[in-house]
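Me: I would like to work through this protein step by step, with questions and careful answers. Please show it first.

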Amino acid sequence: MRLKKRPLLKTSNCLLCPSTKHPAWEAFPLPSSKLVRSDCQPFTGNKTLLECQNCGLVHSHIALPNDYYAAYDLDEAQMGSEQCLFSPLFEKPVPRSRQLLHLLKQTLPLPKQGRSLDLGCNHGFFSQELIRLFPNWQGFGYEPWPRPSALREKCIPPEQFFSGPLEAVPGSYDLLSLIHVLEHVPDPLGYLMALPRLLNPEGYLLIQIPDYSQTAFDLTIFDHLWHFNLQTLMALLMQSGWEVVMMGRFLPKELTALCRIPSQPLQPISPHRGAELATALKELNHLQLRVSMWEQAALDKAGPRVVLGTAIAAGYVSGLLEQPPDCYLDESPQTQGGSFWQRSVVGLDQLKALPAGSLFLPFPQPQALSIQTRLKPQLPHWQIGF
Ligand SMILES: [Zn+2]
C-alpha cells in the first residue's frame with residue numbers, strides 16, 4: 001500500500017528550523033479516527049500529523065478540550081501501580097522508573113544526598129523508586145493540574161509536592177526528570193528553556209519519551225502533540241541550550257536522554273528529514289488490513305476472540321475491531337483479574353482453560369512472530385494472528 005503525496009501546508013515556523021521563514025509541513029491524516037488517549041482509554045477524533053520538510057520534526061495541531069485531562073485515568077489500566085516494561089537487564093517486566101534509576105546509578109556520578117524534582121509526577125512512582133534506590137535523597141514532585149491521588153500522598157510528602165504554573169515552583173534540584181511529559185507540552189522548546197532555573201549547576205536533566213520510529217502506535221495517541229525520534233529529540237535539546245551527556249534506546253520503544261547545563265555555548269544542529277514517519281504510517285495502514293483479516297477469520301471460528309496486552313497497542317487494535325474482543329490476555333500478573341476497555345484481563349493459565357479461540361498480537365511483525373512462536377506450544381489449537 002503506497003502513501004499518497006499530501007498537500008503542503010505553510011503554517012507557523014518549525015521549532016527546529018527557526019531560520020527557515022516558510023517551512024513546508026506535509027500533512028498526513030491518520031488512517032482511522034478510532035484513537036487512544038495516553039491513559040489507554042478510547043478516544044474518537046481526527047488527528048493529522050504534520051512533518052517538517054526540512055528537519056522531519058512531527059507534530060499535530062490539536063486543541064485539546066479544556067476538560068481533556070480532567071477525565072484522565074491511569075488507574076484502571078495499571079491497577080494503581082506503575083507500568084512495567086520488559087527490561088533487557090532484569091529479563092522480566094520491571095517498572096519504568098526503577099529501570100531509569102538503575103541506569104542513572106550506573107551512569108552518573110550522583111551525590112550521596114540530593115534533591116530530585118519529577119515534573120509531571122502523576123502518582124509519584126518515580127519519587128518512590130528514587131528513595132528506594134537512593135535513601136538519602138528527597139523526591140519532590142510537580143503537576144500543573146493535580147487530581148487528588150491517595151497513591152501520590154504515599155509516594156511524595158505533601159510539602160514536597162507543587163502544582164500551578166511552572167514559574168512558581170520553588171527551589172533548586174540535583175536531578176530534574178520529565179518522564180513522558182515533553183510529548184504533551186504545547187511548546188517543548190520554551191519548556192526546556194525554562195528549566196535551568198530549577199537545576200543546580202552540577203545537576204542533570206533526565207528525559208524519557210516514546211520513540212515513534214520504534215512504535216507506530218505512538219502516533220495513534222490523540223494527546224501526544226509531538227512525536228520525536230533520536231535526531232529530532234537531539235536537535236530540540238541542543239536548540240533549547242542543553243548539553244546531551246547520553247542518549248539512547250535503553251528501554252523498549254522509548255528514548256532516554258541525560259542532559260546538563262553546558263559550560264560553554266553550543267552550536268545547534270539541524271537534523272535532516274528521514275523516512276521514519278512514512279515507515280510508521282505504512283505500518284499502521286498494514287495493521288488495519290491485518291486486524292480486519294484476523295477478525296473475519298476469528299468470527300468464522302468458534303471460541304473467544306482475545307487481544308494480547310493492556311496498553312496503547314491493545315487499545316488501538318480494539319478500536320479497529322468491528323466487535324470488541326471477549327477478553328484481554330496479559331502476562332504481567334499485576335493487571336490480571338482487572339479490566340481493560342470493559343473486558344476482563346486474564347493470564348495464560350486462564351486462557352488455556354477456555355475453549356480454543358483466536359488471539360491477536362498487536363506488535364510489529366518481527367516481535368509478533370517471536371511471541372507467536374513462544375505461545376503456540378501453550379495454545380496449540382488457537383488461531384494466533386498479527
Ligand atoms: Zn523543521
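Me: How many residues of domain 2 are in contact with domain 3?
Reply: This is a predicted model, in which local features need pLDDT of at least 70 and side-chain atom pairs count only at pLDDT 80 or more, while totals for chains, interfaces and linings use all residues. Residues are numbered from 1 along each chain as its sequence is written. Two residues are in contact if their C-beta atoms, placed from the backbone, lie within 7 Å. On the side of domain 3 there are 13 such residues, and the number in domain 2 is 13.

Me: How many residues on the side of domain 2 that touches domain 3 are nonpolar?
Reply: Ala, Val, Leu, Ile, Met, Phe, Trp, Tyr, Cys and Pro count as nonpolar, Asp, Glu, Lys and Arg as charged, and the others, Gly among them, as polar. That side of domain 2 has no charged residues and four polar ones, and the nonpolar residues number nine.

Me: Why is strand E10 largely enclosed by the rest of the structure?
Reply: Strands (E, at least two residues) and helices (H or I, at least four) are DSSP runs, numbered from the N terminus. A residue is buried if 20 or more other C-beta atoms lie within 10 Å of its own, with C-beta atoms placed from the backbone. Strand E10 covers residues 137–143 and is largely enclosed because, of its seven residues, the number buried is five.

Me: Through which helix does the chain cross from E9 to E10?
Reply: A crossover is right-handed if, with the strands pointing away from the viewer, the path from the first strand over the helix to the second runs clockwise. The β-α-β crossover from E9 to E10 is right-handed, and the helix, spanning residues 125–133, is H3.

Me: Which residue of E11 is the bridge partner of glycine 141?
Reply: E10 and strand E11 (residues 161–163) run parallel and are joined by three bridges. In E11, the partner of glycine 141 is phenylalanine 161.

Me: Which strands are at the edges of the sheet of six strands?
Reply: This open sheet has mixed pairing and the order E19-E20-E18-E17-E21-E22. Each edge strand pairs on one side only, and these strands are E19 (339–340) and E22 (383–385).

How values were computed
A residue is buried if 20 or more other C-beta atoms lie within 10 Å of its own, exposed if 12 or fewer, and partly exposed in between; C-beta atoms are placed from the backbone. Two strands pair if DSSP finds at least two bridges between them.
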